[in-house]
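Student: I would like to see how the terms used for a structure are tied to cut-offs. Could we go through some of them?

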Amino acid sequence: MKRAVQIRQMPIELANKIAAGEVVQRPASAAKELLENAIDAGASEISLSVKAAGSSLVQVTDNGAGMGPEDAVQCFERHATSKITSAEDLENIQTLGFRGEALASIAAIAQVSLRTKRAEDEQGVCVRIEGGQVLEDAPCAAAVGTTIAVRNLFFNVPARRSFLKAPSTEFRHLSNAFVAQALANPWITFKLVHNQHEVYRLPGSRAEEFSDALRERVRAVLGTEVSQHLVLVNESMSYISAVGFLAHPEHAKKSRKDQYLFVNDRPIKSPSLNHAIRSAYDTLLPEGRHPAYVLFLNLSPKHVDVNVHPAKTEVRFDDDRGVYNFVQAISRRALGIADLIPQYPSGASSLSFQRGANDTSTSWKPPPRADELPPVQGEQSTIVYDIERSRAPSGATLDMEGFLWQLQDHYILTQLHNGILVVDQRAAHQRILFERALADLQAGIGLSQQLLFPQLICLNQGDCELLRELSPLAMALGFDYSISENRTVTVRGVPSDLQAGAEKKILQSVLDEYKSNSELKHLSIQDNMARSIAVRGAISPGVKLNEEEMRTMIDRLFQCEDPYRTPSGKPTLIRLTYDELKQRFNRRVVDHEESD
Ligand code: ADP
Ligand code: MG
């Protein structure tokens, strides 16, 4: 027999208690909410004091705007917020808080006391609230600002309290939440005290630029060792920008502890963006190591939804894929143009690691001795990466505004912060075409450029059959043609971005390359096609490039999965550092007397 049920409104305390489960999972979540409120209140000094890893006390004191007597009580009501008033505001959130449920949730499951005062008020106000019940609300002496103490979290939800982890674990979460807010607000002075012991004292930065202030703060929280070797990321595109630091691969850790990602100054968790950054390090990191990073993404609020999760630790982008690609590309570029790119293997580099051209494994190898280094010219199957532990690549960015110069219509020269970058234009173009071809083959749609006059080619029996076989792939690459009975092929379109003038013969040429590859190498059909188009479609030495073409070439090269080598393993670029130049000029040549 079914019993009739009656639906009734939940008592408000019960509703708050249930809601609290979503907002407050552990002491660290309470700390995060209180810190956010202090930041939103415009404080320049914030201190977090905890006892017993937060389970007996989480207290935040700030010198922000404070609250008047009415707000001091009202702030504990559900959906009480001073931060948004309309649905439109939700589209354009500028504060960390906006849901108006943190204090209500915390007060539902803890013993909370508040002391607050605004600058314009004579007196402050003290409020005590326990399990959602207001026990005290009275004027009191107070400094301008707010102190909120949260005692005995989950005191009235014993089941939740028993879920708390070991104090060391809870404190790690707390300290992480604290550090995240401290990183996002380097101009604010922060302090963390645990059981009366000062864990962090972080004076607010005086630097004007955010990246400078952030660097100071990163140094203070991540330690000087990691901070010596930070790679600056500072890029913007139409709707998204990024600023932050990536640690050198040598400082990669076994834990993911030092990974901080922010979207519009809000610390968030995103396995996908974490993957984007990790993948940029590629083989620079051994398996099981995680790079330290602090990265801030900024997007116009209309491209990102922060109202996905009650604890506001997740966000949703309207263009997930685009954001992923952006993060990966900028990380790759930042790492590629710091001290990590292939260096002229002169033997001067003392600490290097290498990987073979066809070696995609991620394990580290012992550095080669100078006499084991491969020759510079000709077929070279080993790339030497120099990671130069002795110097900090601080603020290493490719000076893309700087000069670009084409040497012998063959090499592109540009300046790095600590040297010169030389890019082989043909090798670079091969890599770019190769990766694009692989992507096109996977997606099944390549960009095609239509020929003004369709091109007729006559194929022999064998080639004609091969072309029929390869047709789906050729079409995916951007070829557009039809084959008639008498083995005449009418080519109407070819892949875009090929060397000028290559359009006419490219189909036959790709077929030829494909055939010779199939004889010599064991490649998959896709790989063979991609290599063939890269080898036959890339610009040759001797082609003049204008400045924009050079810039685009370098930009696109650094967006590649593996910008450092051609599909067949030759280097695409070489870096020459000023140190190395200095060294070479100081070298004494034995047979010649020094004249100066
Ligand atoms: P939200 O931050 O989403 O608005 P909260 O429950 O965290 O919701 O806070 C409710 C309101 O209490 C805030 O909107 C703000 O007006 C006020 N408040 C909370 N903490 C502080 C503080 N430290 N200083 C000044 N006002 C505060
Ligand atoms: Mg809040």
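Tutor: What follows takes some terms and sets values against their definitions.
This is a predicted model, in which local features need pLDDT of at least 70, side-chain atom pairs count only at pLDDT 80 or more, and totals for chains, interfaces and linings use all residues. Residues are numbered from 1 along each chain as its sequence is written, chains are lettered from A and ligands numbered from 1 in the order in which they are written, and side-chain values use heavy atoms, with hydrogens and water left out.

Student: What makes Arg-431 and Glu-435 a salt bridge?

Tutor: A salt bridge is a side-chain nitrogen of Lys or Arg within 4 Å of a carboxyl oxygen of Asp or Glu. For Arg-431 and Glu-435 the N to O distance is 2.7 Å, so the pair meets the rule.

Student: Why are Arg-431 and Glu-435 about one helical turn apart?

Tutor: Because they are four residues apart in helix α12, residues 425–443. A helix here is a DSSP run (H or I, at least four residues), numbered from the N terminus.

Student: Why is Asp-497 called partly exposed?

Tutor: Buried means under 20% relative accessible area, exposed over 50%, and partly exposed in between (1.4 Å probe, protein chains only). Asp-497 has 36%, so it is partly exposed.

Student: Is Lys-582 buried or exposed?

Tutor: Lys-582 is exposed, because its relative accessible area is 53%.

Student: What does Asp-497 pair with in a salt bridge?

Tutor: Asp-497 pairs with Arg-436, the closest N and O atoms being 3.0 Å apart. Asp-497 lies in the loop between β23 and α14 and Arg-436 in helix α12, so the pair ties together parts 61 residues apart in sequence.

Note on methods:
Helices (H or I, at least four residues) and strands (E, at least two) are DSSP runs, numbered from the N terminus.
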